[in-house]
Amino acid sequence: MQLSTKHLLGIKDLSPEDISLILETAGQFKEVLQRPVKKVPSLRDVTIVNLFYENSTRTRISFELAEKRLSADTINFSASASSVSKGETLLDTVNNILSMKVDMVVMRHSASGAPHFLAKHIPAAIVNAGDGINEHPTQALLDAYSIKDATGGLEGKKVVLIGDIMHSRVALSNIYLLKKMGAEVMVAGPPTLIPRHIKEALNIEVEYNLKKALEWCDVANVLRIQLERQNQVLFSSLREYNLAYGVSRKLLDGLKKEIVIMHPGPINRGVEIDSDVADSGRSIILQQVENGVAVRMAVLYLLAGKRTA
Ligand code: CP
């Protein structure tokens, strides 16, 4: 089987069959990652550039590790250490890199749509590693893999995304993916951090009361307040945000059931999530990071197959 698309720009463009194929392939690569020798020769003839115009810890290391486990040749590019600071455009930068015979570009950029722009102008396969407030498709794929792993499936599962929905590319990619795969989706947080017409536009539930949201769900995916993307005051203080919307052990202990706690990272402990929740047995935060390598191996492997097809 093959993906229906040449690039991974967003979950919006994937079919449910594409998503299932990526998750199944990730399962096979997860087995490879349990072996003493964690490397396969699948991408031995492929050169990939990791083009990061914005900070990253997890996504960048995860892609780099996935590429190395697949035996690809990799080049790492940071905007801060490049000629971008001398005024070079995105397209000129990428064309210069491509002239060195690069096959795939993994790209993170603060501008929504930057990877879509590149995909229109260059022949390499593009993987979106997060664009502005638009999408973060591999995060949603690894979140879905982790939910399946923890709960047995996606169909019919009740998943709430909590916090700064307005500025979160993780939220949008998760909503697209979970809806395509038959999960029920809710967003919860202060009204100022939830887009006004999201309920009708994306056919999801909206809840402003955190306790009610937690009572409704099987899985809670807690999101960071994206202060770097907010250009106005949207809540009074981080302390008050924590009191109203921080996921605490007391809140979880008050539920009549166990729920799965997720977070894409980086965590702001004591703001959106308390340490005794993030580090508890209910949390699968580090499993998400572990699963990310297998999921990104699957994405790169399937897109490379598309490239040579
Ligand atoms: N989850 C995530 O995208 O983390 P990084 O910003 O560290 O890559």
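Colleague: Is E6 buried or exposed, mostly?

Modeller: E6 is mostly covered, with 4 of its 5 residues buried. Buried here means under 20% relative accessible area, exposed is over 50%, and partly exposed is in between, using a 1.4 Å probe and protein chains only. Strands and helices are DSSP runs numbered from the N terminus, with at least two residues of type E for a strand and at least four of type H or I for a helix.

Colleague: And what should I know about where the numbers come from?

Modeller: This is a predicted model, where local features need pLDDT of at least 70, side-chain atom pairs count only at pLDDT 80 or more, and totals for chains, interfaces and linings use all residues. Residues are numbered from 1 along each chain as its sequence is written, and side-chain values use heavy atoms, leaving out hydrogens and water.

Colleague: Which strands does E6 pair with?

Modeller: E5 (residues 158–162) runs parallel to E6 and is joined to it by 5 bridges. E6 (residues 184–188) also pairs with E7 in the parallel sense, over 3 bridges. For two strands to count as paired, DSSP has to find at least two bridges between them.

Colleague: What stands opposite Val-187?

Modeller: In E7, Val-206 stands opposite Val-187. Leu-161 stands opposite Val-187 as well.

Colleague: So what's the strand order in that sheet?

Modeller: It's an open sheet of 5 strands in the order E7-E6-E5-E8-E9, with parallel pairing. The edge strands are E7 (205–207) and E9 (260–262), each pairing on one side only. From one strand to the next, the twist averages 20°.

Colleague: Switching to helices. At what angle do H1 and H5 pack?

Modeller: H1 (residues 16–34) and H5 (residues 137–151) pack at about 70°, and their axes are 10 Å apart. Axes are lines fitted to C-alpha atoms, for helices over the stretch in contact, and angles run from 0 to 180 degrees between N-to-C directions. H1 and H5 are therefore roughly perpendicular to each other. Angles under 35 degrees count as roughly parallel, over 145 as roughly antiparallel, 65 to 115 as roughly perpendicular and the rest as oblique.

Colleague: Which residues make that contact?

Modeller: From H1 there are Ile-19, Ile-22, Leu-23, Ala-26, Gly-27 and Lys-30, and from H5 there are Leu-141, Ala-144, Tyr-145, Lys-148 and Asp-149. Contact means heavy atoms within 4.5 Å.

Colleague: What about H5 and H6, how do they cross?

Modeller: The axes of H5 and H6 (residues 169–180) come within 8 Å and cross at roughly 55°. That makes H5 oblique to H6. On the H6 side, the contact is made by Val-170, Ser-173, Asn-174, Leu-177 and Leu-178. On the H5 side, the residues include Pro-137, Ala-140 and Ile-147.

Colleague: Where is His-136, then?

Modeller: His-136 is in the loop between E4 (125–131) and H5. His-136 is buried, at 4% relative accessible area. Among the residues His-136 touches are Thr-59, Arg-108, Arg-169 and Arg-296.

Colleague: Which residues other than glycine have a positive phi?

Modeller: Lys-101 is one of them, with phi near 65°, and Asn-203 is another, with phi near 55°. Lys-101 lies in the loop between H3 (90–98) and E3 (104–109), while Asn-203 is in the loop between H7 (198–202) and E7. Lys-101 is exposed, at 65% relative accessible area. Asn-203 counts as exposed too, at 56%.

Terms used: Lists of a residue's contacts leave out its neighbours within four places in sequence.
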